[in-house]
Structure formats: structure tokens, C-alpha cells
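Visitor: I am new to this structure and should like to understand the terms used to describe it. May I ask, point by point, what each description rests on?

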Amino acid sequence: CDWSSDVVLFRSDRVLASRSRASSSSQNHAAAQLMELRPEYRYANSADKDPLPTFLPAGEAKRLVTYLSAVRPGRAAAGQAWQEVRNRAGVALMLGAGITPGEVRALELHDAVIDGGRAKGVPWKLRIQGHASSPARETPLAPWAGQLLAYWLGIRSEQGIPGEVLFPSTRSGKVWSKVSQYNATKEVLQAAGIDDIEGGSFRLRHTFALRQLRRGKAPGEVAKWLGVIDPAVMARYQRVVPAPVDVV
């Protein structure tokens, strides 16, 4: 038996294994350095780097407001079907009051507050019913959205729609379904020329929140309007506001 050959082979294996470990260690170190340079990896486990809220840039928001408002009395599109007015008014409340799609569907006639407003017959705030993840609250309504809501209330009355649901699905007063409202909102955003409609309903809510913060409203006040009880939600909004942000 040639023991010397076995010793040589054993030493060769040890050298190769050592080089392999060194190479692997070098590659791991390089990968770690690369990951340190990439924020999406560096902050992957950091609570401070949760995904930031998406919102409509000022140009898109203005375009949407113009499109929604075109259905009001005296505008070119004032003769549209009642469902079209309902759809636009529903979208207007998400952008102009920061409420969620579910809250839009749950609104009743008495939730549109008219008394005490500056313009006669025009709603200026909304009462939002409380639910499991959000307390009952009131939230202000942008003047342009209030005008559109007032027009919808007139159309709803003219149609003789029964019941207390603010935005019914049918002329019989049936509740607006989640799927039907989602499709209606999608169609409105597409017709308004909004490029990215994914997450559209909540992008409207985020745009409202960021606009209020940019106008100097206290985070606690905005949180009440939104029905937000999780501090982390407002923290994400506040991380956007100090940076240059273009919201209408």
C-alpha cells in the first residue's frame, strides 16, 4: 500500500477545502456588502421602512377632480345617467373626505351634514359609522366634493329612490355591493385618465391624508378624520410629508 500517495491526496483535499471555504467566505462578504448598499435589503426587517402610502400626484388629482366635477349642474356632462352621478360622487368622497370604499357603501342620508355649512344645501362634513377597526367619527368634506354630493342628493330625490342608503345600487334602494362599487370606481378612474388604477380607492384616501398634513393639520386631527388608531399608520404618512411631495 502506497501511504505516501494517500498522504498527498489527503493534504490536497485539505488545501482544496480550505480554498473553498475562503472563496465562499469572500463571496458571502461581497454579497453582504452589496445588500448593505440596497435599501430594500438593508431595511428589510426594519419597522421604520414599511411600504410608504401611494398617492395621486398633483397633476392626476387635479385631472380627477375636474372629471368628477364635470357632472355637476351647469357643466357639459350634466345630463348623464343617475348611476354615473352616483359613481363620481362615491369617488369624490374617497378623495375629498378620505373615507374607505366600505364606508362609502355604509353611508346613509343623514350622514351627509348640511346644517352649519357655508353654502346653503351643500354638505360640508360626513358622519362615519364606527366598526371593528375604526371608531365613529366626523370628517370634513372638500368644497368641490360637497357640491358634487349635493347634486347627487338632488338626482337621488328626483329618481324617487326609497330607503336611507346614500349610494344605492338600484332605484329600489338596494345596497351597493362591494364588487359593483369596485368596478364603478375603476371605470371612473380609467375615464379620468388615471394611469395606475391599482389600489385606486386607497390611493384616494392616502392623497386626502397627505394633503391635510401638507396644509399643516396636526397628525392627531388627521388621524381622527381618517378613523386611524394605529400610530404606525400616521408615522408612514409623516415620513412622506417632510420630503418634497406633490399632492393637490
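Guide: Let us begin with one residue. Leucine 149 touches Leu93, Ala112, Pro123, Leu126, Leu141, Leu166 and Phe167, leaving aside residues up to four places away in sequence. This is a predicted model.

Visitor: What makes these residues count as touching leucine 149?

Guide: A contact requires heavy atoms within 4.5 Å, and the residues that meet this condition with leucine 149 include Leu93 and Phe167.

Visitor: To which core does leucine 149 belong, and which other residues touch the most members there?

Guide: Leu149 is part of the largest nonpolar core, which has 41 residues; Leu64, Leu126, Trp152 and Phe167 are the others that touch the most members. Helices H3 (58–69), H4 (82–97), H6 (143–158) and H7 (178–191), together with strand E2 (125–128), each supply at least two residues of this core. H4 gives the most, with nine residues. A second, separate core has 13 residues, among them Leu226, Val228, Tyr237 and Val240.

Visitor: How many helices and strands does the chain have, and in what pattern?

Guide: The chain has 10 helices and three strands. Along the sequence they follow the pattern α-α-α-α-α-β-β-β-α-α-α-α-α. Of the 248 residues, 39% are buried.

Visitor: Why is phenylalanine 167 called buried?

Guide: A residue is buried when its relative accessible area is under 20%. The value for phenylalanine 167 is 0%, and therefore this residue is buried. Tryptophan 176, at 3%, counts as buried too.

Visitor: Is glutamate 60 buried or exposed?

Guide: Glutamate 60 has a relative accessible area of 10%; the cut-off is 20%, so this residue is buried. Its place is in helix H3, and it touches Ile194, Asp195 and Arg203, apart from residues up to four places away in sequence.

Visitor: Why is tryptophan 124 called partly exposed?

Guide: Partly exposed covers the range between the buried limit of 20% and the exposed limit of 50%. Tryptophan 124 has 35%, so it is partly exposed. It lies in the loop between strand E1 (112–113) and E2. Beyond its neighbours within four places in sequence, tryptophan 124 is in contact with Val113, Ile114, Asp115, Gly116, Gly117, Pro140 and Leu141.

Visitor: How do you know that E1 and E2 pair, and how do they run?

Guide: Two strands pair if there are at least two bridges between them. Two bridges join E1 to E2, and these strands run antiparallel.

Visitor: What makes the pair of phenylalanine 167 and tryptophan 176 tilted?

Guide: Their planes are at 45 degrees, with 6.3 Å from centre to centre. Ring pairs link Trp82, Trp152, Phe167 and Trp176 into a cluster.

Visitor: How do you know that the length of helix H8 (residues 200–214) agrees with expectation?

Guide: At 1.5 Å a residue, the 15 residues of H8 should span 21 Å, and its end C-alpha atoms are 21 Å apart, which agrees.

Visitor: Why is H8 described as largely enclosed?

Guide: Of its 15 residues, 12 are buried, so H8 is largely enclosed by the rest of the structure. The buried residues include Arg203, Phe208 and Leu213. Just after H8, glycine 216 has a positive phi of about 95 degrees.

Technical notes. Residues are numbered from 1 along each chain as its sequence is written. This is a predicted model: local features need pLDDT of at least 70, side-chain atom pairs count only at pLDDT 80 or more; totals for chains, interfaces and linings use all residues. Side-chain values use heavy atoms; hydrogens and water are left out. A nonpolar core is a set of buried Ala, Val, Leu, Ile, Met, Phe, Trp, Tyr and Cys residues joined through side-chain atoms within 4.5 Å. Buried means under 20% relative accessible area, exposed over 50%, partly exposed in between (1.4 Å probe, protein chains only). Helices (H or I, at least four residues) and strands (E, at least two) are DSSP runs, numbered from the N terminus. The expected span of a helix is 1.5 Å times one less than its number of residues. Rings of Phe, Tyr and Trp (its six-membered ring) pair if their centres lie within 6.5 Å; planes under 30 degrees apart count as stacked, over 60 as edge-to-face and the rest as tilted.
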